[in-house]
Amino acid sequence: MAMMGLIGGLISAAGSIVGGIAANNQAKAQAKALEVRAGEERAVSQREAIRRSKEAKLVMSRGQAVAASSGGGAGDPTVVNLMAGVGQEGAYQKNVALYTGETRGRGLEFDAKIRRMEGRQALFAGFINGAGSILNGFSSFSQYQSSPPPSVKAPASVGSGFYF
């Protein structure tokens, strides 16, 4: 019977260790996926920044064309000031898009670091739980081995009484 306790402890230990390894591997895979998403967020924001920059240039070009066709001239101080404002707004919108992507990317990378840390903790816990199971199994085995075998007492007087 004691051997069963020892075997059960070893099986439990193996299960704990394998579970910790599996949890760590899963956390690593999730972290990798989060890092990929971080790169994608940055790429999307870069494309958005390019789009906003082009849009600002088109607005400025259109403004200059309208100013030149109106007869006032594209070099008029009012037109130049308006175009400078449009250019500044375009640069601001471009930077906002880049900042948004970078912020999202950093957040996802932080989440990836947390996932990896959780995986390492699960792995460590698996080994600790496994060690505890092994010690528990050995403890039950040694308790059984060190206890004296049950003794059989002979009846006080032979032939008297009933025996079942």
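Author: Buried here means under 20% relative accessible area, exposed means over 50%, and partly exposed is what falls in between (1.4 Å probe, protein chains only). This is a predicted model, where local features need pLDDT of at least 70 and side-chain atom pairs count only at pLDDT 80 or more, while totals for chains, interfaces and linings use all residues. Residues are numbered from 1 along each chain as its sequence is written, and side-chain values use heavy atoms, with hydrogens and water left out.

Reader: OK, so is Asn24 buried or exposed?

Author: Start with where it sits: Asn24 belongs to helix α1. Helices are DSSP runs of H or I with at least four residues, strands are runs of E with at least two, and both are numbered from the N terminus. With a relative accessible area of 8%, Asn24 counts as buried.

Reader: Which residues does Asn24 touch, not counting those up to four places away in sequence?

Author: Contact means heavy atoms within 4.5 Å. By that test, the partners of Asn24 are Gly119, Arg120 and Leu123.

Reader: How many helices and strands are there in the protein?

Author: The helix names are α1, covering 2-69, and α2, covering 77-146. The count for the protein is two helices and zero strands.

Reader: What share of the contacts with a separation of 6 or more is between residues 24 or more positions apart?

Author: One example of a pair from both helices is Glu41 in α1 and Arg104 in α2, 63 residues apart in sequence. Over the protein, for contacts with a separation of 6 or more, the share from residues 24 or more positions apart is 87%.

Reader: Which residues make up the largest nonpolar core?

Author: In soluble globular proteins, nonpolar side chains tend to be buried together. A nonpolar core is a set of buried Ala, Val, Leu, Ile, Met, Phe, Trp, Tyr and Cys residues joined through side-chain atoms within 4.5 Å. Here the largest one has five residues: Ala31, Leu34, Ala38, Leu108 and Ala112.

Reader: And which helix gives the largest share of this core?

Author: Both α1 and α2 supply at least two of its residues. The largest share, three residues, comes from α1.

Reader: On to charges: how far apart are the closest N and O atoms of Glu41 and Arg104?

Author: A salt bridge is a side-chain nitrogen of Lys or Arg within 4 Å of a carboxyl oxygen of Asp or Glu. Glu41 is partly exposed at 24%, and Arg104 is partly exposed at 49%. Their bridge has its closest N and O atoms at 3.5 Å.

Reader: Why does the pair Glu102 and Arg42 tie together parts of the chain, and how many residues apart are they?

Author: Their side chains meet in a salt bridge of 2.8 Å, N to O. Arg42 is buried at 18%, whereas Glu102 is partly exposed at 28%. Because Glu102 lies in helix α2 and Arg42 in helix α1, the pair ties together parts whose separation in sequence is 60 residues.

Reader: Which residues are linked with Arg42 in a network of salt bridges?

Author: The structure holds eight salt bridges, and one of the pairs is Glu102 with Arg42. The residues networked with Arg42 are Glu102, Arg106 and Glu109.
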